Amino acid sequence: MGSHANASGRHVLARFRARRILHAYLFIAPVIVLFGIFRVVPAIQTLLYSFYKVELLRGRFTFIGLDNFRTLLTDEIFQKAAVNTLVYVASIVPISAALGLILAVLFNTRFRFKEFFKAVYFAPMVTSTVAAAVVWWWMYNPQFGIFNVLLKLVGLPEQPWLMSSHMALPSIIIFSIWKTLGYNMIIYLAGLQAIPQQFYEAATIDGAGAIKRFWRISVPLLAPTTTFILIYNGILAFQVFDQVFVLTGGGPANSTNVVVLDLYRQAFERYNFGYAAAEAMVLFVFILGVTLLQYVYSKRFEVAY
Amino acid sequence: MRASKVLAITLAILFLSPAIALAGAAKTTITLWYPAGDITAGAAHFADKTLFADFEAKNNVKVEAVALDYDTMIQKIFAAAAGKNIADILFIDTSWLPGFLKEEMLEPVADAKAKAWLAAVSPEIKELSDYGKGRMWGYPQYGIDVYGLTWNKDHFKEAGLDPEKPPKTWAEFREYAKKLTKRDAQGNITRVGYAIRHVGHPHGVVHKHFWAIYGAGAQLIDDPNALRGGKSMINTPGGKAALQLVLDMLDVDKSTSLNFPDPRAAFLKGIASMQISETVSIKARQPKEAPDLKWGMALPPVPKAGDKSVTLLGAWLYSVPKQAKNKAMAWKAIEWINSAEKDYELCKKYDASPRYKVNWDKEPFKSDAYDQGLKQLYPYGKKLPINLGLNGIMDAMGGAIQKVWHHEASVDAALADAERLANKAIADAAK
């Protein structure tokens, strides 16, 4: 009798649990379905397309194996775009993170109009990239732009900025740093404020100065925040498009061409969808690789407090 | 029993009546996509809701003109074609043709209609319409683009040049540009004699230097009307001379500069004395942007006296995509709006140059100085080739121009590279 009651109770409990699980899945189903339709299916489709010659309008898909990838290896324009993308990532990610940290440390102290200045630094993050890029295009204008006016005022030679093959990519990097700096600052600020004050107090009692406290306490304890910022900014930087499209269109002479822009052109100007898909897969592997590398390496700096 | 029958019939009528009413009232809707804004003056009339009123009344159809964002128009057209939900009429830039033809996206104009059109229009429109042996992919819109040299007459006077005599040869052009260039106390150029386009989309860079490339005897491709195959003709003595001309103006004469990247804007702002681009654009912008500017318009200069000038012709085109749902009515609407009568009526209303020979003999075009000026340029106009690899050829040539003028490569190296890339694009597109 007792065992029967136990079995029945377990059965009820199991049914209750199953129903709860079913309810939970029903609640998240819309998100899962939409994510599947708009993210997973296109991603799988892109992977498949990369092995085909895709002629969308004729509805013709010719399997060509790794041909698209082989062509990529000898495509000078893609190689240039890949190098430009790497230079962009390697510049913007550390510089933007370092400047964000410096600003966060400054904003972690008390001073007048702090909130106002915080908003000023954060504003670029919430501004449309395209709109901001159009304004910067004018600021970089060799004749009328503010940058050359300032250079002239301090007696320095005017620069061609976006008009020069040598200066265009650095000009885009400067714009992107301006755009991402505020976000990094806010994340670092949150990280700094989460560090318990007693660590600093103990270090101060032990005679550590401000710089020593920064290097010995702040920087190590901010490691998880730094990891997040590097991965997040890295992923975004690999996908750079808007600012390049607006500021230079990839020129002059492909000096600012980046992988996503090249992919866009292959797909929508040359209608080489299979080839563009192969470029997207290469970019995906790059992003995945760098993210995994950063993630694994950052495990060494994990902290708990 | 009788009552139930009456009820059944009444219910059936009620059930079907909306469908019957709809079927009676339904009109076929012809959709037309065109670029929004002031991308081309030729699209201005689409904003007029009564534009197709007569046609709609006669044919019991509705023509719906929809403005698309120019920058993403190609992508939208392509995506719509892939989704088999495209407009019945496309108003497109002729430079987009190769890309669309590569995908076999457009219907050709019927042979008889094409023959009649080519016989009735003026030579420049014939040049823009005929893609070899009378084959047409659409009807070019009025107010076509013709590239011409425009100059600031006040600057000419100030530099001691005759404001009514533009430079005719490259040597004169360089000499004039040097005289027209102005510098500040530090020696920085504040006004260029000639403004060059060297940034932005490579196509734009090539368009603005087409006159020199073709004028010197080079060509983007050997057969401009062949869809597939052929070879690039840019790495030739003429191609080299065309690139060297501006390089010398940059480095030797210092009469132009990389710091004036938008020739039309620089010209209208008075910081460039000469530029070569679409004359229609200067005509449209000058009254608003530079009302006091006195300017002249002429053919681009030639390498040496006696050479024939060459300049670029471009147009927007009415075309019908293969996936259009109402092809027959779409062609009918296109033929209606491109008739000689509508050409006259619309050109008069929108101050544009007509296409039909018969309309050139009528006023106001017969006495209009600008239109007559254009007529002097038209015979020297050439359209872009139609090769399916054109995008790649333009990228290659645009890249070569930028590399040379930005001092990243010698003329020889840049053109050798461009030739290789262009031939690869031609071969790839032909596959």
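**Exercise 1. Describe the fold of chain B.**

Chain B has 18 helices and 12 strands (DSSP runs, H or I of at least four residues for helices, E of at least two for strands, numbered from the N terminus). This is a predicted model: local features need pLDDT of at least 70, side-chain atom pairs count only at pLDDT 80 or more, and totals for chains, interfaces and linings use all residues. Residues are numbered from 1 along each chain as its sequence is written, while chains are lettered from A and ligands numbered from 1 in the order in which they are written.

Step 1: extent. The C-alpha atoms of chain B fill a box of roughly 105 × 50 × 45 Å along the principal axes.

Step 2: burial. Of its 431 residues, 48% count as buried (20 or more other C-beta atoms within 10 Å of the residue's own, C-beta atoms being placed from the backbone).

**Exercise 2. Work out how α10(A) and α13(A) pack.**

Step 1: geometry. Helix α10 (residues 223–238) and helix α13 (residues 273–298) of chain A pack at about 175 degrees, axes 10 Å apart. Axes are lines fitted to C-alpha atoms over the stretch in contact, and angles run from 0 to 180 degrees between N-to-C directions.

Step 2: orientation. The two helices are therefore roughly antiparallel (angle over 145 degrees).

Step 3: residues. In α10(A), A:Leu230 and A:Phe238 are among those that meet α13(A), whose side includes A:Phe286 and A:Tyr295 (contact: C-beta atoms, placed from the backbone, within 7 Å).

**Exercise 3. Count the residues in the contact between chains A and B.**

Chain A gives 20 residues and chain B gives 26.

Conventions:
Parallel < 35°, antiparallel > 145°, perpendicular 65-115°, else oblique. Contact = placed C-beta atoms within 7 Å. Buried ≥ 20, exposed ≤ 12 C-beta atoms within 10 Å, placed from the backbone.
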